[in-house]
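My entries follow the order in which I looked things up.

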Amino acid sequence: MAAATTRIRAAVVGTGGIVSGSHLPALRAQADRVDLVAGVDVDEGRLAAFRAQAAEPGETGPGFTVTGYTDLAAMLEAERPDLVLIGTPPSLHREQTVAALRAGAWVLCEKPLCLTLAEYDEIAAAEAAEKPDGGPYASVVFQHRYGSGAVHARELLTSGELGKPLVAHCQTTWYRNTEYYAVPWRGRWDSEGGGPSMGHGIHQMDLLLYLLGDWTEIRAMAGRLVHDVESEDVSTALVRFANGAVATVVNSVVSPDEVSRIRIDCADATVELTHLYGHTNDDWVYTPAPHTRDAADRIAHWRTPAADLPSSHTAQLAVVLDAMRDGVRPPGSGPDARRTMEFLAALYKSAFTGRPVHAGEIAPGDPYYDAMHGNHPDWAPATAASTKEN
């Protein structure tokens, strides 16, 4: 569909915690223009529990009558949804996203949208095959972009209101214990796609790129310091942006004092966001440079966004529904989201090869285009390494 002019029929794929805890409240909040009509899960017990939960009104809106399916293809054929929201493990995202696009549905998929740049380009090809203009499009859940504080900060940065961006810091230092990695698909390249860089810090790194724009060069390190996993549990990076700013990036799942933070020092002010899993306007702090501290009106404008919309799935869903209504590509899709995926691939390539990586460098034929581990002997799964040797 090129543009949504009637009520949108939505379906969810995967009915676990992220869908029941975040996507369902978001759908309820948008119940004036969307109906949740179907759910898909291979676990019939989990699916039944979700259908019962969805049927009851929640804090954000009314209940939905949801038809249950254990097979995605059967659901797509029977329901013909306009929008499919995907909350399954990452290894399933590419296949399920492409199937939904080919059925004519728009997609809002949990991060990461896929596991590699090659998979991302396959999704882009599926978009183009359906209809090059007007959708359907596949968007990835990067909900931290959509809070009013982030939107306001980006407007200030891109307009030059804070002066030239100079130095930045992006931090996702969280804690995950051994029980967390007992879930079979976690910590593995073929099912999760990476460690805290891919699965946790991706949100803050995407927000950093949203605020500062295109990156040009990255130099990184990674390590397995605590957990017995295939991927990393810590990564760090130095980044140069096209606007000349330089940044540090830290991702960790071994940090008892958990925090998510972005700080950008500009010529006229520092803007800093400190939170954990979501932010409001109050989490953004603006500190004027000495030469701007007498500009009261200007400083007041920095600190007073027009509204206070928390970052959330609800905020992002509203933007996706607007894009469907207008028949336009939503943010967090296409080249916009590919930039974040390329940044992750470059971080891993730099960390594992020990050399800088430049934007645009990872193309078909590069081992890091087809796998985030790049078949590096110290990082690739044993099966991938043996395949390369043979």
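**Entry 1: the largest pocket.** I looked up the largest pocket of this predicted model and found a volume of about 940 Å³. Of the 39 residues that line the largest pocket, I noted Ile 18, Gly 87, Thr 88, Glu 110 and Trp 185 as the closest to its centre. On a 1 Å grid over the protein atoms alone, a pocket is an open set of points where a 1.4 Å probe fits, with protein on both sides within 12 Å along at least five of seven lines, and lining residues have an atom within 4 Å of a point. The volume is the space filled by probe spheres set on the points, which are joined across faces, edges and corners.

I then noted that α1 (17-29), α4 (93-102) and α8 (202-212) each supply at least two residues of this lining. Helices here are DSSP runs (H or I, at least four residues) and strands likewise (E, at least two), numbered from the N terminus. By class, I recorded 15 nonpolar, 16 polar and eight charged residues in the lining. Ala, Val, Leu, Ile, Met, Phe, Trp, Tyr, Cys and Pro count as nonpolar, Asp, Glu, Lys and Arg as charged, and the others, Gly among them, as polar.

**Entry 2: basis of the values.** Residues are numbered from 1 along each chain as its sequence is written. In this predicted model local features need pLDDT of at least 70, side-chain atom pairs count only at pLDDT 80 or more, and totals for chains, interfaces and linings use all residues, while side-chain values use heavy atoms, with hydrogens and water left out.

**Entry 3: cis peptide bonds.** Which residues does a cis peptide bond join? I found one between Lys 111 and Pro 112, with omega about -15 degrees; Pro 112 lies in the loop between β5 (106-109) and α5 (117-130). Another joins Gly 135 and Pro 136, with omega about 10 degrees, and Pro 136 lies in the loop between α5 and β6 (138-140).

**Entry 4: positive phi.** Most residues other than glycine have a negative phi. I noted that Arg 80, not a glycine, has a positive phi of about 45 degrees; Arg 80 is in the loop between α3 (72-79) and β4 (83-86). Arg 80 counts as partly exposed at 44% relative accessibility (buried means under 20%, exposed over 50%, partly exposed in between, with a 1.4 Å probe and protein chains only). Asn 375 has a positive phi of about 60 degrees, and I placed Asn 375 in the loop between α12 (367-370) and α13 (382-389).
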